[in-house]
Amino acid sequence: MAEREARIKESVREIRVQGSGSPLEITDQQADQLCRYYDMLVEKNKVMNLTRITDFEDFIRKHLVDSLELIRSFDMKNVDKVLDLGSGAGFPGLPLKIVYPHIDIVMVDSVGKKTDFINEVIDALDIKNARAAHFRAEDMARDRKYREQFDLCTSRAVARLATLCEYCLPFVKVGGTFAAYKSGESDEEITEASKAIHVLGGKLERRDDFDEYDMKRTILQIKKIRPVSALYPRKAGTPSKKPIV
């Protein structure tokens, strides 16, 4: 365990924190939580399809470091409430929560078995102010408890950007940010989504391109500049079938 914790700490240190440019440092406890999370993921994956990535080094490169790339250009210290949409097995939500324990996070997925797994991890690691919720985004975003209540909404590998904006921007408070994790080949998606970003009250504020471990990644920061019309999101299934383009 000590060797694996050291490997995680070493990998995380390679990430430079927004603003200061300093390496990201984590505690022994946080490294231990990430190791235990990996163990639970691999064990659950034997009976349920959560991820194709089960090798420890691949977990570090393709899940952990990838989930934390956002902090290279986004200051998590000023964020209180986070919603991670389409969290799947807990990415990027759980790594962000473990590394930044001050945030209050809700991880959402439309597959109940996946949210059950995330809640098992939360309980096993005694993580506070974190929970997973089984919802469709289109329904959840119309609930006053969640609509425009979050400083940050994240989403990784869920849908094309135009559709994703309709899922995510209704959750973000005015002045907050939607961070979309996309592949490195996203120019067409970004152009296609320009109308959706505008209609849904957003503005593309920043684009960061990364190339870590031969894996290209783009993270888009979309600022919420005005409230979303009550027309959105449309009923379940419509944003994916008829995106705003």
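**Ground rules.** I am working from a predicted model, in which local features need pLDDT of at least 70 and side-chain atom pairs count only at pLDDT 80 or more, while totals for chains, interfaces and linings use all residues. Residues are numbered from 1 along each chain as its sequence is written, and side-chain values use heavy atoms, with hydrogens and water left out.

**Helix α5.** Helix α5 covers residues 112–124, and its 13 residues reach 18 Å from the first C-alpha to the last, close to the 18 Å expected at 1.5 Å a residue; the expected span is 1.5 Å times one less than the number of residues. I then looked up burial, where buried means under 20% relative accessible area, exposed over 50% and partly exposed in between, with a 1.4 Å probe and protein chains only. In α5 the buried residues are G112, T115, F117, I118, V121 and I122, and their cover includes α2 (28–45), α4 (93–99), β2 (104–109) and β3 (130–134).

**After the helix.** D126 follows α5 and lies in the loop between α5 and β3, with a positive phi of about 55° although it is not a glycine. N129, in the loop between α5 and β3, likewise has a positive phi of about 55° without being a glycine. I noted D126 as exposed, at a relative accessible area of 51%, and N129 as partly exposed, at 48%. Most residues other than glycine have a negative phi, and most peptide bonds are trans.

**Cis bonds.** I found a cis peptide bond joining F91 and P92, with omega about 0°; P92 lies in the loop between β1 (81–85) and α4. The bond from Y232 to P233 is also cis, with omega near 0°, and P233 sits in the loop between β7 and α10 (238–241).

**Pockets.** On a 1 Å grid over the protein atoms alone, a pocket is an open set of points where a 1.4 Å probe fits, with protein on both sides within 12 Å along at least five of seven lines, and lining residues have an atom within 4 Å of a point. Points are joined across faces, edges and corners, and a volume is the space filled by probe spheres set on them. The largest pocket holds about 710 Å³ of space. Of its 31 lining residues, G86, G88, R156, A157 and V158 are the closest to its centre. The second largest pocket has a volume of about 160 Å³, and its lining includes D126 and N129; α2 gives the most to this lining, with three residues.

**Cysteines.** I searched the whole structure for disulfides (pairs of cysteine sulfur atoms within 2.5 Å) and found zero. The sulfur of C153 is 3.7 Å from the closest cysteine sulfur, in C168, which is too far for a bond. C153 is buried, at 0% relative accessibility, and C35 is also buried, at 0%.

**I219.** This residue lies in strand β7 and is buried at 0% relative accessibility. Leaving aside neighbours within four places in sequence, I219 is in contact with E69, L70, A180, Y181, R206, R207, D208 and F210, where contact means heavy atoms within 4.5 Å.

Key
Helices (H or I, at least four residues) and strands (E, at least two) are DSSP runs, numbered from the N terminus.
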